[in-house]
Amino acid sequence: MRRFPFLAYLGPGLLYAGAAVGVSHLVQSTRAGAVYGYGLLFVVIFANLIKYPFFVVGTRYTIITGKSLLDGYEALGRLPVWIFFFISIGTMCIIVATVTLVTSGLFSNLLGITLEPWILCAIILVFCFLLLAIGKFAALDGLMKWIVVLLTVSTIVAMILSFYAAIPKLETVGKTFSISELGDVAFLIALMGWMPIPIEAAVWQSDWTLAKKTPDGKLPPMKYAMIDFNIGYIGTTLLAVCFLALGANMMYNTGAEFSSQAVSFASELVKLYTTAIGSWSYPIILIAAFFTMFSTTLTCFDAYPRVVSNASRRLFKPLEKIPKEKLYWYWITIVGVGAILILMFFRTNMKSLVDFATTVSFLNAPVLALIHHLILFGKEIPKEERPKPWMNLLSWFGILFLFGFSIYYINITFL
């Protein structure tokens, strides 16, 4: 441990990775490779690059100020807090429903059971509720480390072996991306929407960092906190590339397509691994994939009520009288019930639900990105603690790109 002191501070970055490596990776990145081959590889890397400043603010702001990123929102005025609140309550049930639906497909394959998707999702969310009630942050923190390691190793091995797998290809050329085709642009928006994760997750990262305080109230040193964050961020970027490569090597130009149903999709996803590695690996990969998506469900189910309860206390004075812990459980109940209702009445085309949720997140991203930029380079951050000039340029470039591409998408879709 003395040779690697940063190991003692690992946690929030791996929680971030556990949340990020989910729908954006298993579903969207793999679909990108299967449909377009390596045509969208640059997009995956580009999306992670331009969004980096909008996520790193969650760690940097908290370590420097000792406060939640929502305090940074509030320092800019009440409007940013209202924006965050409305975006969060408008998307939290949809996002939790989406990740839980994908998890339920893997759950169904794992146990070999067939139930209505919303019932499986309800079972998963109830279990998450109990785990959070009993284990709190310690259980969440410990579980993520093992899940991320298991999935990472499995995916890298499968990706490497996929280059040597003999997959019959069609003689015709596969689909290529066109910026003028509405369907292609719509998928691009959906791919980038959660690549690597919705931008509001920076607030989650901030709260997880605060939860990592020592008993005497000290936060990790900036050096080690950034190592933790960068391990999670760079690791999830590389995994997104691995998933795209796996989809490209195993499915592109083969005539095969992913199902839009969660159970069938889960089976097809696992078969990509087993075709590359061998049939013996099926149960291992299925378990790894299930727990990866379960980690995303668990993390989102914990994070949204946590940050929304924090925001609501700032906006509605009567809520300040309610203990924080109790208000958290009120919101987690709302999120769980809302997600199940969505799955009951708007089920169960997984592809459509995923694309809708990720597209909404992309359209929200420019506003949140601008807020995060103003916090990262704002007056609460001393000049000597602010990021380098290249980060400032990257941040402004990302903001302009997200606004510009959102406008372009709206224009070709509705105008």
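Colleague: So where is the place of Arg-31?

Modeller: Keep in mind that this is a predicted model. Arg-31 is in helix H2, which covers residues 23-36.

Colleague: And is Arg-31 buried or exposed?

Modeller: Buried, because its relative accessible area is 10% and the cut-off for buried is under 20%.

Colleague: Which residues does Arg-31 touch, not counting residues up to four places away in sequence?

Modeller: Phe-187, Phe-258, Phe-265, Lys-351 and Asp-355. With Asp-355 there is also a polar contact between the two side chains, at 3.1 Å.

Colleague: OK, new topic: salt bridges. How many are there?

Modeller: The count comes to six. One of them is between the side chains of Arg-314 and Glu-74, at 2.6 Å from N to O. That pair links distant parts of the chain, 240 residues apart: Arg-314 sits in helix H11 (residues 282-315) and Glu-74 in helix H4 (residues 69-75).

Colleague: Why does Arg-314 count as buried?

Modeller: Arg-314 has 13% relative accessibility, so it counts as buried. Glu-74 is at 33%, so that one counts as partly exposed.

Colleague: What about Asp-302, which side chain does it meet in a salt bridge?

Modeller: The side chain of Arg-306, at 2.6 Å from N to O. Both residues lie in helix H11, four residues apart, which is about one turn of the helix.

Colleague: Is Asp-302 buried or exposed?

Modeller: Asp-302 is buried, with a relative accessible area of 1%. Arg-306 counts as partly exposed at 30%.

Colleague: And what does Lys-317 form a salt bridge with?

Modeller: With Glu-320, where the closest N and O atoms are 3.5 Å apart. Lys-317 is exposed, with a relative accessible area of 55%, while Glu-320 is partly exposed at 39%.

Colleague: Which residues do salt bridges that share partners join into one network?

Modeller: Asp-71, Glu-74 and Arg-314.

Colleague: Last thing, the surface. Which residues make the nonpolar patch?

Modeller: Tyr-38, Val-149, Val-153, Ile-156, Val-157, Ile-160, Leu-161, Phe-163 and Tyr-164 make a nonpolar surface patch of about 850 Å².

Colleague: Take Ile-160, then. Where is its place, and why is it called partly exposed?

Modeller: Ile-160 is in helix H6, residues 117-162. It is partly exposed because its relative accessible area is 42%, and that label covers values between the 20% and 50% cut-offs.

Terms used. Residues are numbered from 1 along each chain as its sequence is written. This is a predicted model: local features need pLDDT of at least 70, side-chain atom pairs count only at pLDDT 80 or more; totals for chains, interfaces and linings use all residues. Side-chain values use heavy atoms; hydrogens and water are left out. Helices (H or I, at least four residues) and strands (E, at least two) are DSSP runs, numbered from the N terminus. Buried means under 20% relative accessible area, exposed over 50%, partly exposed in between (1.4 Å probe, protein chains only). A polar contact is a pair of N or O atoms within 3.5 Å; within protein, one must be able to donate a hydrogen and the other to accept it, and residues adjacent in sequence count only if both atoms are side-chain atoms. Contact means heavy atoms within 4.5 Å. Patches are made of residues with over 30% relative accessible area and no salt bridge: like charges are joined within 9 Å, nonpolar side chains (Val, Leu, Ile, Met, Phe, Trp, Tyr) within 5 Å. Accessible areas come from the Shrake-Rupley method with a 1.4 Å probe; for residues, only the protein chains shown count as cover. A salt bridge is a side-chain nitrogen of Lys or Arg within 4 Å of a carboxyl oxygen of Asp or Glu.
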